[in-house]
Amino acid sequence: MAEHTSSSITIEAAPADVMAVIADFVRYPDWTGEVKQAEVLKKDDQGRAEQVRLVMDAGAIKDDQVLGYTWTGEHEVSWTLVKSQMLRQLDGSYLLKPAGAGATEVTYQLTVDVKIPMLGMIKRKAEKVIIDRALAGLKKRVESKDL
């Protein structure tokens, strides 16, 4: 089993408001530094994204990828890599838990494997940077947005 990296943050908003931002893929370029373009390719019968194409530019790694999404209830979404130029694996999830009066604890878990050789320690560090940036961006977006 591949190793993964995870981290959590508390956001001052209800879980539904946090998930609304997570699910709004087309707006990712507005608040994530690495996503330059996002396009929903396929939706499920509830109108939620099942496949999303993302054009990424994370400095050394530039990629055009398609991710497949699975929605579990109202508080969890996970994804797996469908296709990519640079990556062999990209599995992740957001898990939301109510955290008191109007707050949500968001846990982001990520496993990345690149097609080029890379030490495990460097991969984990890259995952940590990706997670920390994503959580900080999500928090800023949700807390500053009129939902």
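This is a predicted model: local features need pLDDT of at least 70, side-chain atom pairs count only at pLDDT 80 or more; totals for chains, interfaces and linings use all residues.
Helix α1 spans residues 15-23. Its buried residues are P15, V18, M19, V21 and I22. These residues cover an arc of only 160° around the axis, which places them on the same side of α1. An α-helix has 3.6 residues a turn, so residues three or four places apart point the same way.

The loop between β2 and β3 contains D44. Strand β2 covers residues 35-43, and strand β3 covers 49-58. D44 has a relative accessibility of 14% and therefore counts as buried, since the limit for burial is under 20%. The side chain of D44 places a polar atom 2.9 Å from the backbone nitrogen of Q46. Beyond its neighbours within four places in sequence, D44 contacts E50 and W71.

Strand β2 itself holds A38. A38 also counts as buried, because its relative accessibility is 14%. When neighbours within four places in sequence are set aside, A38 is in contact with F25, V26, P29, R53 and L54. A separate distance relates A38 to D64. These residues are 26 apart along the chain, and their C-alpha atoms are separated by 9.8 Å.

Notes: Residues are numbered from 1 along each chain as its sequence is written. Side-chain values use heavy atoms; hydrogens and water are left out. Buried means under 20% relative accessible area, exposed over 50%, partly exposed in between (1.4 Å probe, protein chains only). Helices (H or I, at least four residues) and strands (E, at least two) are DSSP runs, numbered from the N terminus. The arc is that of the directions from the helix axis to the C-beta atoms. A polar contact is a pair of N or O atoms within 3.5 Å; within protein, one must be able to donate a hydrogen and the other to accept it, and residues adjacent in sequence count only if both atoms are side-chain atoms. Contact means heavy atoms within 4.5 Å.
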